[in-house]
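I opened the notebook this morning to look through a fold, strand by strand and helix by helix. Here is what I looked up, in the order I went.

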Amino acid sequence: MKVMKFGGTSVGKPERMRQVSQLITADAESKIVVLSALSGTTNALVEIGNAISSSQREKAKELIDKLEAHYQSFIVELVKKPSSLAKAKAIVAEHFEFLTIILKISFSEALSKDILAQGELLSTKLFSVFLEENGIDHFLLPALEFMSIDSHDEPQINSIRNRLDMLLRQHSDKTLFITQGYICRNARGEVDNLKRGGSDYSASLIAAAITASVCEIWTDIDGMHNNDPRVVKKTVAIEQLSFEEAAELAYFGAKILHPASIWPAQFYKIPVRLLNTMQPEAKGTLITEEAGSEGVKAIAAKDGIIAINIRSSRMLLAYGFLRKIFEVFEKYRTPIDMITTSEVAVSITIESSAELKAIVRELEPFGTIEVEENHTIVSIVGNNLNSTPDILSKLFTALSPVPIRMVSYGGSKHNVSLLIPSAYKTQTLQLLNKGLFGLE
Ligand code: ADP
Ligand code: ASP
Ligand code: MG
């Protein structure tokens, strides 16, 4: 059995849904198809939630009406038969009625998750009506019945597997299953989600849970590119990546994959393929245990990074000092991305955090604390970078105009990371594209 995940752009127009239906029926292998919300929908739902939480009910109503109008015109193009259109209309009415009711009740965090879940519920239900109209037999698997996270927001693969197995066994006559990406239930049983871009994570968790033959991520580009195509003009697709390389790129900002989406596939050794819905014949990127080739493969960048510098001439050399610092970050459940030390100072980076003030307050007894916001981590990812000749000289030569704030090298064979002020990000990615790949 395989998993095929289609992102927002891949289901964002009626003709794209038609294309998806062709791709999922192109071979006889049983499959679970994971869908995102139509492109733009989750952003709109975030805006609706924000408007409701800030008591801007008029604005929220306007946003809801605008989104509903979009769905009304979408379904008219999607299906032909009056009976299918009636079903699609009922689905749209049900979900927008729900949003309108939310306007009238007091806002809570749990309610905002309910709002966000409407996108994937709508896309899968409407796709199911389309498949039914076209005589494509399938079963709509409710993700809220099997996808779950624990009290630390971590998915529990064993319980996901047990529930999914049971559902699949109950419908063993089917070979095609459609389900929602992104949404899940939390430890309190409420509707929750796997964070923005989380449909990739859903797909990989499902692939791991059913030990799929492959996890295909279908999107709007022909695989992982060597650099961020949103920032740099000339980029090329990479044919093969190891799980480690893909995980580093996803974690350090390559938006094509959710940051956590690689570990389930890696742990259960499920190959991942990144493919282009708009260009299905393109090779895409294959991600397995094999790196395929040596040397630098790609660059990614992660914004919104804060550098925290702790200077202490008295305590730094004392053993136990780093533990005390790390305990502060652990207490506030804040992951550290980069760290560099000298005899008198330690620099740490974290992502923007609501806990920043509290963290700084608790670090103050250890020395002089400096906080620098608006930084970007640029990660150079590849295979055996520690033994790649000239990698550091090439990097520093290419980046001579850029004020590099921190460097992390040697922690992994697959990654060299640099911290730079975010204002230099575009220039850095462009210079590296030329310096490392000869692309301009
Ligand atoms: P989907 O909606 O299918 O999940 P996303 O928008 O989340 O699609 O991810 C695909 C986008 O990721 C591409 O359109 C591209 O702009 C962006 N992207 C960023 N970095 C990379 C990269 N290194 N390779 C490919 N795409 C990338
Ligand atoms: N629809 C969700 C989002 O926009 C999940 C996803 O697309 O992966 O973040
Ligand atoms: Mg995505």
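This is a predicted model: local features need pLDDT of at least 70, side-chain atom pairs count only at pLDDT 80 or more; totals for chains, interfaces and linings use all residues.

**Entry 1: strand E16 and its partners**

I began with Tyr 409, which stands opposite Val 416 in E16. Strand E15 (residues 406-412) pairs with E16 in the antiparallel sense, and I found five bridges between them. The two form a hairpin, with two residues between them.

Then I turned to the other partner. Strand E14 (residues 368-383) also pairs with E16 in the antiparallel sense, over seven bridges. Here I noted that the bridge partner of Thr 376 is Ile 420 in E16.

How many residues of E16 are buried? I looked up strand E16 (residues 415-421) and found six of its seven residues buried, so I put it down as mostly covered.

**Entry 2: strand E13 and its partners**

Next I went to strand E13 (residues 345-351), which is mostly covered, with six of its seven residues buried. Strand E11 (residues 295-311) runs antiparallel to E13, and seven bridges join them. I wrote down two of the facing pairs: Ile 305 stands opposite Glu 351 in E13, and Ala 307 stands opposite Thr 349 in E13.

Strand E12 (residues 336-341) pairs with E13 as well, antiparallel and over four bridges. A hairpin of three residues joins E12 to E13. Thr 340 of this pairing faces Ser 347 in E13.

**Entry 3: the six-stranded sheet**

With those pairings in hand, I asked in what order the six strands form their open sheet. The order is E12-E13-E11-E14-E16-E15, and the pairing is antiparallel. E12 and E15 are the edge strands, each pairing on one side only. Ignoring direction, neighbouring strands of this sheet are turned by 30 degrees against each other on average.

Which helix packs on this sheet? I found helix H14 (residues 425-437) there, touching E11, E14 and E16. The direction of H14 makes about 140 degrees with that of E11.

**Entry 4: the eight-stranded sheet**

I moved on to the other sheet. This open sheet has eight strands with mixed pairing, in the order E3-E4-E2-E1-E7-E9-E10-E8. Strand E3 (139-141) and strand E8 (240-242) stand at its edges; each has a single partner strand, so one side of each is left without a neighbour in the sheet. The twist averages 20 degrees from one strand to the next.

Gln 240 stands opposite Leu 286 in E10.

Two helices went into this entry. Helix H7 (residues 157-170) packs on the sheet and touches strand E2 (31-35), E3 and strand E4 (176-180). The direction of H7 makes about 165 degrees with that of E3. Helix H9 (residues 243-251) lies across E8, strand E9 (272-276) and E10, and runs at about 90 degrees to E8.

**Entry 5: the nonpolar cores**

A reminder to myself: in soluble globular proteins, nonpolar side chains tend to be buried together. I therefore looked up the largest nonpolar core, which has 98 residues. Phe 6 and Ile 24 have the most contacts inside it. Helix H6 (residues 109-133) gives the largest share of this core, eleven residues.

What does Ile 24 touch, not counting residues up to four places away in sequence? My list reads Met 4, Phe 6, Lys 31, Val 33, Phe 127, Leu 131, Leu 176 and Ile 178.

**Entry 6: a helix pair**

My last stop was helix H11 (residues 321-331) with helix H12 (residues 356-363). Their axes come within 10 Å and cross at roughly 155 degrees. Angles over 145 count as roughly antiparallel, which makes H11 roughly antiparallel to H12. H11 passes H12 in a right-handed crossing. On the H11 side, the contact is made by Ile 325, Val 328, Phe 329 and Lys 331. On the H12 side, I noted Ile 359, Glu 362 and Leu 363.

Technical notes
Residues are numbered from 1 along each chain as its sequence is written. Chains are lettered from A and ligands numbered from 1 in the order in which they are written. Side-chain values use heavy atoms; hydrogens and water are left out. Two strands pair if DSSP finds at least two bridges between them. Axes are lines fitted to C-alpha atoms, for helices over the stretch in contact, and angles run from 0 to 180 degrees between N-to-C directions. Contact means heavy atoms within 4.5 Å. A nonpolar core is a set of buried Ala, Val, Leu, Ile, Met, Phe, Trp, Tyr and Cys residues joined through side-chain atoms within 4.5 Å. Buried means under 20% relative accessible area, exposed over 50%, partly exposed in between (1.4 Å probe, protein chains only). Angles under 35 degrees count as roughly parallel, over 145 as roughly antiparallel, 65 to 115 as roughly perpendicular and the rest as oblique. A crossing is left-handed if the near helix is turned anticlockwise from the far one by less than a right angle, and right-handed if clockwise.
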